[in-house]
Amino acid sequence: MLYGKRVTLRPVIEEDWELRYEWLIDPVVNQTLPSGSGMPLTPEVVRERTRRYAQADQSAAYFTIIREDGIPIGNTQLFNIHPWSKHAEFGIWIGDKKVWGKGYATEVTGVVLDFAFERLNLHKVYLTVDADNPGAIRTYEKSGFNKDGILRDEVYKNGQYVDRILMSILKHEYRKQPKCSK
């Protein structure tokens with residue numbers, strides 16, 4: 001378990017699949033995700049993915065975000081953890097639209113970065129974000145991520161091609177940042 005001021009990150013459990021499915025089939029939530037391509041998700045697909053996320057895996061850490069009142073609001077993960085190069089890919093999505101814009105994503109990002117750099121001793125955390133998601137881009141910039149490049153027309157979603165922005169933060173850059181989670 002990882003802790004912030006207002007959130008707890010607990011490992012994903014198989015029973016999380018139903019809530020994840022609810023969030024994923026919401027078109028407003030889905031359009032903010034890289035997978036928001038209009039491809040239908042079935043309960044079986046989400047159940048199987050969640051089952052895989054709940055299993056121990058040294059190359060990934062999957063968490064459910066729990067608000068201070070015990071209500072799950074989203075998911076976050078470090079994946080493609082590379083033990084030799086000491087880097088990993090970061091992802092987050094807030095499925096509960098009622099808490100959008102209230103700073104939860106920024107807090108969770110800080111908690112995960114602290115885990116990545118201080119406990120896993122990683123050197124770099126990177127991510128990709130769709131260019132049509134300005135709220136996520138602001139969150140990442142606030143958390144210290146830098147834009148590294150643009151993957152042009154990287155994903156086809158909602159009837160059009162969208163650029164994807166590659167961003168990263170290095171351990172020494174993170175240590176200069178004010179702690180988002182503390």
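Hi everyone. Before we start, one definition: a pocket here is an open set of grid points with protein on both sides within 12 Å along at least five of seven lines, and its lining residues have an atom within 4 Å of a point. Please keep in mind that this is a predicted model.

Let's begin with the largest pocket, which holds about 1,100 Å³ of space. Its lining counts 41 residues, and Thr32, Leu33, Ile92, Trp93 and Tyr140 are the closest to the centre. Several elements each give at least two residues to this lining, among them helix H1 (17-24), strand S5 (87-94) and helix H5 (134-142). Sorted by class, the lining has 21 nonpolar, twelve polar and eight charged residues.

Now for the second largest pocket, with a volume of about 170 Å³. Here 15 residues form the lining, and those closest to the centre are Pro11, Ala60, Ala61, Tyr62 and Phe63. Two or more residues come from each of H3, strand S3 (61-67) and H4. Which element gives the largest share of this lining? That would be S3, with three residues. By class we find twelve nonpolar, one polar and two charged residues.

So much for pockets; on to the strands. S3 pairs with S4 in the antiparallel sense, over six bridges, and Ala61 sits opposite Leu78 in S4. Four residues separate the two strands of this hairpin, and in its turn Gly70 has a positive phi of about 90 degrees.

S4 also pairs with S5, again antiparallel, over seven bridges. Phe79 has Glu89 in S5 as its bridge partner. That hairpin too has four residues between its strands, with Lys86 at a positive phi near 60 degrees.

How values were computed:
Residues are numbered from 1 along each chain as its sequence is written. This is a predicted model: local features need pLDDT of at least 70, side-chain atom pairs count only at pLDDT 80 or more; totals for chains, interfaces and linings use all residues. Side-chain values use heavy atoms; hydrogens and water are left out. On a 1 Å grid over the protein atoms alone, a cavity is a set of points where a 1.4 Å probe fits but cannot get out, and a pocket is an open set with protein on both sides within 12 Å along at least five of seven lines; lining residues have an atom within 4 Å of a point. Grid points are joined across faces, edges and corners, and a volume is the space filled by probe spheres set on the points. Ala, Val, Leu, Ile, Met, Phe, Trp, Tyr, Cys and Pro count as nonpolar, Asp, Glu, Lys and Arg as charged, and the others, Gly among them, as polar. Two strands pair if DSSP finds at least two bridges between them.
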